[in-house]
Amino acid sequence: MATLDAKIPEGPIKDKWTNHKNHINLVNPANKRSIDIIVVGTGLAGGSAAASLAEMGYSVKAFCFQDSPRRAHSIAAQGGINAAKNYQNDGDSIFRLFYDTVKGGDYRSREANVYRLAEVSGNIIDQCVAQGVPFAREYGGLLDNRSFGGVLVSRTFYAKGQTGQQLLLGAYSAMNRQIGKGKIKMYNRHEMLELVKVEGKARGIIARDLVTGKLERHSAHAVVIASGGYGNVFYLSTNAMGSNVTAAWRVHKKGAYFANPCYTQIHPTCIPRSGDYQSKLTLMSESLRNDGRIWVPAKKEDVMAIREGKMNAVDIPAENRDYFLERRYPAFGNLVPRDVASRAAKERCDAGFGVNKTGEAVYLDFASAIHRYGSEKAMISGEENPSESRIKELGEAVIESKYGNLFQMYEKITDFNPYKTPMMIYPAVHYTMGGIWVDYNLMTTIPGCYAAGEANFSDHGANRLGASALMQGLADGYFVLPYTIGDYLSDDIRTGEISTETTEFVEAENAVKKRVDGFMNNKGSKSVDHFHKLLGKVMWDKVGMARNEKGLKEAIEEIRQIRADFHKDVMIPGEPYEMNMELEKALRVEDFLELGELFAKDALDRTESCGGHFREESTEVGGPQDGEAKRDDENFAYVAAWEWTGDPSNSVVHKEQLTFNDIELKQRSYK
Amino acid sequence: MKVTLKVWRQKSASDKGKIETYQLAEVSEHMSFLEMMDVLNEQLITEGKIPVAFDHDCREGICGSCSMHINGEPHGPDRGVTTCQLHMRMFKDGDTIYIEPFRAKGFPVIKDLVVDRSAFDRIQHAGGFISVPTSGNTQDANSIPIPKADADKAFDAATCIGCGACVAACKNASAMLFVSAKVSQFSLLPQGKIEAKRRVLQMVEQMDKEGFGNCSNTGACEAECPKGISLENIARMNREYLKASASSSE
């Protein structure tokens, strides 16, 4: 059994990373050429890692299941990227970004990692601008910033509602440069299905070519997993359809511990479900909460009238509306962190105040903002006594300039015009803070196997702040891994090429082949999606926004049953050695069905509430915080790192105690 | 609503391929087009048939994976959307819908509606980047101010999602809109000017090698582009190309 050593460098927190970099081993340029590194996933973390490692001289093989690295799901991030540049002179600093991130994560992240993240954040912006990323600018030509939830400064850099796209295309262009030079060998439409270990070290992968269906062996001196998060265990989420846990789960089953699987971010502002055919949920950026007010009717009869179509939201007078975030959290109002906003919406809907047919929707209303902006605009332009309709017209133009693309997206999906009637929104699964356990060097518990970006657990604790995912992905890939991986690889300069003809590779390939053949020969009757939807429903109902002991125990039983049924009754049409998208899904859902159980088990084990993990049994009673989530630092200030022992029910937990030397543990209050 | 689907089925790159007809009895107008395709595939699987292969991923119009030619138009009848953002309310009860892959010499069919767009990647390998190290040791991000108008134009060009609708819409299967968007983004920014000549010459050379046709200014690409990438970019690229060809080589 491996011990959990986070390998946090000695010294004061602000010197740790610099000292560490000064003392780790390096690999000389001539030797780098003969060292191979595999990078799985080409989003912000994988793309930036592949480009940086290739540029340093390593021979990189990069893999993505999409038809081009540019399509990884980082592309869909909307809002922005945080960096402690303090361009706005509003008192921002590395320490403040560090502090906000640890507090926002509800004190469940590792101080040293978060400090390093804040420390390199400024470099990311410099780097991206040099690469030609077109961030938003002010008229003076300097970079513009905006503010996000849970913080008191403006440190978010953005490119309209497409920041993730622009940053990913930046990383993709850096990769292209290296692909053109032959330093990265790119494998598009390839999916990693197994990790190969030789003498205990990660030495390669088994991948399936998704066009021909052939299994391939690829060797390397180190393997980087940057395959993103596992939100699709809920079936419906804001993740892309192909986002999956397979690469991460396969290394977990080979010995990498999986940390805090139950930490999931449920984003408050997403378009609600409309029917059983629904395949995914769409996010409406957090930035909308700057101007939108969230409410439900205060009276049940109004709720009923709305559901029956006899009444419209705009017909309800102000006194009959319940602006529940403003009511419960007067200090932060509509800009409370994501976990708090989501739970509050669920509470109202559970109490019967949801405003659509499914009872799972609340309003996000821009009428006040339209009126406010319209009046301001009229005053500035010297229009005296403007009519109500003129004010609306002016106000709508302001809103359009700020959120036009989001409003258009909303209307395309729902066929409702959000300028005229409030948007309907409901929380949805968006991001997973949990992931593969890594030490300070981003190495997993398997020597030579690294994890970066959303795939690891490291920086966001139990709740991630807006605009921090992009920051972490690029920090890991551009600025952390390129240093730390060299320390490990300095022992490998005499190893030479790793053969793929060894027993280890043959056995790993055979194991994958067995799984593939098992699916192809199964004489079942139901599609993969049938089981994935069942799993998603259990996860959402019992392991979702609010969790309790009874529900979690039921969920574990139900997931086991679904898993058994899946293996008995799933049907995969077609052939294994051709493009077969049903087979691809089956191999992913097989892993989700195991992860789902561990996820519920982790949630059951952690009887405290923290961040996105809310245990109904652990709430504040009485006093000003009555009904809020209650953390238990005495018993739960640790990372739960799970070891695979053959079945999720037997997984063993290892605890990495979290110590806070530079930040005082406090209750998060947004009242 | 009920719809009749005429779908291109092609087992592999070497197969000849043909249109097959399917009936869907219960389609909700609130479904996205791809959710309707999910229903079709579920029906085919239940009947023991092979589901239709199609590329898709984010389903929110940004990854650029989806690539269907619907009733003769890339991404179908709506404007400013990708296939995944197209909703069934754009169709009527009883409609017959033709669904084919993007068609172009540069985009060979892999299977059914899935095409190979790796030519786009190779054009980017040829010069779609600024040669800057990823060390982070560059100058401060604010040390070179960029006029807002230029930054905004560069952004507009950079919003291209690389879906290939421009190629599919063009009677010459030209990739000019795609290539010019990248060339424009970098040529508008001071950081990109250093390599501007080399970039445009190499990217255009690769574009021609991949078998894409020439531009004859019909503007079909701009009309069908889900992201509204402007023809202005093609004009800018032509100027860059002329400038680069006329001046001395490196």
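This is a predicted model: local features need pLDDT of at least 70, side-chain atom pairs count only at pLDDT 80 or more; totals for chains, interfaces and linings use all residues.
Local features need pLDDT of at least 70 and side-chain atom pairs count only at pLDDT 80 or more, while totals for chains, interfaces and linings use all residues. Residues are numbered from 1 along each chain as its sequence is written, and chains are lettered from A and ligands numbered from 1 in the order in which they are written.

**Exercise 1.** Work out which element of chain B gives the largest share of the side that touches chain A.

*Solution.* Start with the contact itself, which takes 65 residues from chain B and 66 residues from chain A (C-beta atoms, placed from the backbone, within 7 Å). Next, look at the elements that give two or more residues on the chain B side, among them helix 1 (33-46) and strand 6 (109-111). Helices (H or I, at least four residues) and strands (E, at least two) are DSSP runs, numbered from the N terminus. Helix 1 of chain B comes out with the largest share, six residues.

**Exercise 2.** Identify the partner of V362(A) in strand 15 of chain A.

*Solution.* Strand 14 (residues 362-365) and strand 15 (residues 423-432) of chain A run antiparallel, joined by three bridges; pairing takes at least two bridges found by DSSP. The bridge partner of V362(A) is I425(A).

Conventions. Two residues are in contact if their C-beta atoms, placed from the backbone, lie within 7 Å.
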